[in-house]
Amino acid sequence: MKKIVISLLAVALGASALFAQSTEERPTNPFWIGVQGGGLLSYNENCFSYREAGKAVDLLSLQGSVSVGYDVTRKLGFRLNVNYDGKNDGANNSHQTAGGGFWPYNFKSVSAFVDATWNLTDEFYEGPFAPKAYIGVGMGHTYDMTDSGHPWQRALMTDPNNSFGFRVGFLCELRLSDVFGVFVDFAAEAYTDNFNGLQPTKEEKKNSAEGYPGYPFDLRGVGSFGLALHF
């Protein structure tokens, strides 16, 4: 985990040092604020049980974000993005429960990321579109977990939780003018394993057939549509 954090920070700091010295012309309105919202897919421990119960669609929920950004050059930018989701989805482990069953629960989350964005426009085409790739580091806070009714595992869960997160994504903006724009934003996020209140032990993860995927992160896929104001 430490190696991942150090590598991500090195990439962000290295990019900043390199491109902040660029002679590229800065945008006319380098500051921007944005609001966005859309769907979210939760992919945590035991998400397989939603599929087995025919409830996979329940892993989808609605989320919203606000952003404040600054374009250092036409290429490099940074933004602070804060996200809220009132219904992340999880489940207790039916494969380790006598009689099986389906033990879903949900919880609220607030996440904050600092993203480094890289404008791809010149590499692809000129025009009103601004496609950007980004990488970010941040934190997620989860709380208010509902009771799944599981006979024993619910008592082992933690609530609230603070989790380190990192993500990669793609953002494409259509500039309607120098001031206004609309954009779509897609991200894959990973959080340390207590994000959903469950942190399986190494012994529990050894046999994926028991329901644990064996990787040390809780995952989310996020898709949004947004409005941007540049100034």
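**Nonpolar cores.** I looked up the largest nonpolar core in this predicted model, and I found 8 residues in it, namely Tyr105, Phe107, Phe113, Met145, Met157, Tyr191, Phe195 and Leu198. Strand β4, which covers residues 104-119, gives this core its largest share, with 3 residues. I noted that another core lies apart from it, made of 6 residues that include Trp32, Leu171, Phe183 and Ala187.

**Tyr191.** I then listed what Tyr191 touches once neighbours within four places in sequence are set aside, and among its contacts I found Ser111, Phe113, Met139, Gly140, Phe164, Pro216 and Arg220.

**Gly101.** I located Gly101 in the loop that joins β3 (76-91) to β4. I asked myself why Gly101 counts as partly exposed, and the reason is that its relative accessibility is 47%, a value that falls between the cut-offs of 20% and 50%. I also checked Gly101 against Ala53, and although 48 residues separate them in sequence, their C-alpha atoms are 8.6 Å apart.

**The whole chain.** I counted 4 helices and 8 strands in the protein chain, and I read their order along the sequence as α-β-α-β-β-β-α-β-β-β-α-β.

**Confidence.** I noted a mean pLDDT of 85 for the protein chain, with 80% of its residues at 70 or more. Residues 16-23 have a pLDDT below 50, and in the model this stretch makes 8 contacts beyond near neighbours in sequence.

How values were computed:
Residues numbered from 1 in each chain as written. Predicted model: local features only at pLDDT ≥ 70, side-chain atom pairs only at ≥ 80, totals over all residues. Heavy atoms only, no water. Core = buried A, V, L, I, M, F, W, Y, C linked by side-chain atoms within 4.5 Å. Buried < 20%, exposed > 50% of the residue type's maximum accessible area, 1.4 Å probe, protein only. Helix = DSSP H or I, 4+ residues; strand = E, 2+ residues; numbered from the N terminus. Contact = heavy atoms within 4.5 Å. pLDDT = per-residue confidence, 0-100.
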